[in-house]
Amino acid sequence: MMQRALDLGITRFFVPAIDSSYTEAMYALEREYPNHVFLMMGLHPTSVKEDYKEELRHVESQFKERSFCAVGEIGIDLHWDTSTLEIQKKAFKRQIQLAKKHQLPIVIHCRDAFDEIFEVLETEKDDDLYGIFHCFTGNLSQARKAMSFNMKLGIGGVVTFKNGKIDTFLNQIPLEHIVLETDSPYLAPVPFRGKRNESSYLTLICKKLSGIYGVSQTEVARITTENSKMIFKK
Ligand SMILES: [Zn+2]
């Protein structure tokens, strides 16, 4: 899978963290592709459970040992479990502060939780707050609101879906605010919708954006790659 992506010129892989049970596997992937794989560290909102304080200590302990390209994925997910909203908010806020302390971007996971996410971001808004709203699926006003917090919009397979809707207004958002992503193994773009997603399908997202913006795929790739470099410094 990695080789298929590399063969298409996709050479930088930004890998989000989920929780402590995945940390070793992430390090192993990085050891295999040290020039291509860049790791984030964080506690994913769907992994925020009763033991979240312990999980956050794990996140913080990793930062004492090495560096990462971002704090992510962090945020709020109310699709699977609404009972953890309060601790999700706490974990999100604490990890935003961790990112600022290390002068790193955050990568936000938001599912059915725009208002709750914006509420937390409002309390943390300053010059040190920046990052990516990953897998953005909101409307135009939510896109503008996300950008007001210094967030780029991560655009993936959903932009190719018939009912995805973001393709209808995306051209009103300058490409300078967009990064491409796959969210593999989830959200594979058309014509692979419903199948296992992989990084090489990034080319399909690029192609779709080329149509939406009316610029060449090379230009979409150039600008969005530049944006990712500004964020991750990699
Ligand atoms: Zn996510």
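Biologist: Which residues coordinate the zinc ion?
Modeller: Donors are N, O and S atoms within 2.8 Å of the metal (3.2 Å for Na, K and Ca); water is not among the atoms, so sites may look incomplete. Here Glu73 (OE), His109 (ND1) and His134 (NE2) coordinate the zinc ion at 2.1 to 2.2 Å. Glutamate 73 is in strand β3 and histidine 109 in strand β4 (residues 106-111), so this pair ties together parts 36 residues apart in sequence. Strands (E, at least two residues) and helices (H or I, at least four) are DSSP runs, numbered from the N terminus.

Biologist: What should I know about the model itself?
Modeller: It is a predicted model, where local features need pLDDT of at least 70 and side-chain atom pairs count only at pLDDT 80 or more, while totals for chains, interfaces and linings use all residues. Residues are numbered from 1 along each chain as its sequence is written, and side-chain values use heavy atoms, leaving out hydrogens and water.

Biologist: Is glutamate 73 buried or exposed?
Modeller: Buried means under 20% relative accessible area, exposed over 50%, and partly exposed in between (1.4 Å probe, protein chains only). Glutamate 73 has 7% relative accessibility, so it counts as buried. Histidine 109, at 13%, counts as buried too.

Biologist: What does aspartate 77 reach with its side chain?
Modeller: A polar contact is a pair of N or O atoms within 3.5 Å; within protein, one must be able to donate a hydrogen and the other to accept it, and residues adjacent in sequence count only if both atoms are side-chain atoms. The side chain of aspartate 77 reaches the backbone nitrogen of histidine 79 at 2.9 Å, and makes a polar contact with the side chain of histidine 109 at 2.8 Å. Aspartate 77 belongs to strand β3 (residues 70-77).

Biologist: How do I read the sides of a strand?
Modeller: In a regular strand, side chains alternate between the two faces of the sheet. In β2, Val37, Leu39 and Met41 on one side and Phe38 and Met40 on the other are all buried.

Biologist: And what about backbone angles?
Modeller: Most peptide bonds are trans, and most residues other than glycine have a negative phi. The bond from glycine 72 to glutamate 73 is cis, with omega near -10°. Aspartate 112 has a positive phi, near 55°; at 52% relative accessibility, this aspartate 112 counts as exposed.
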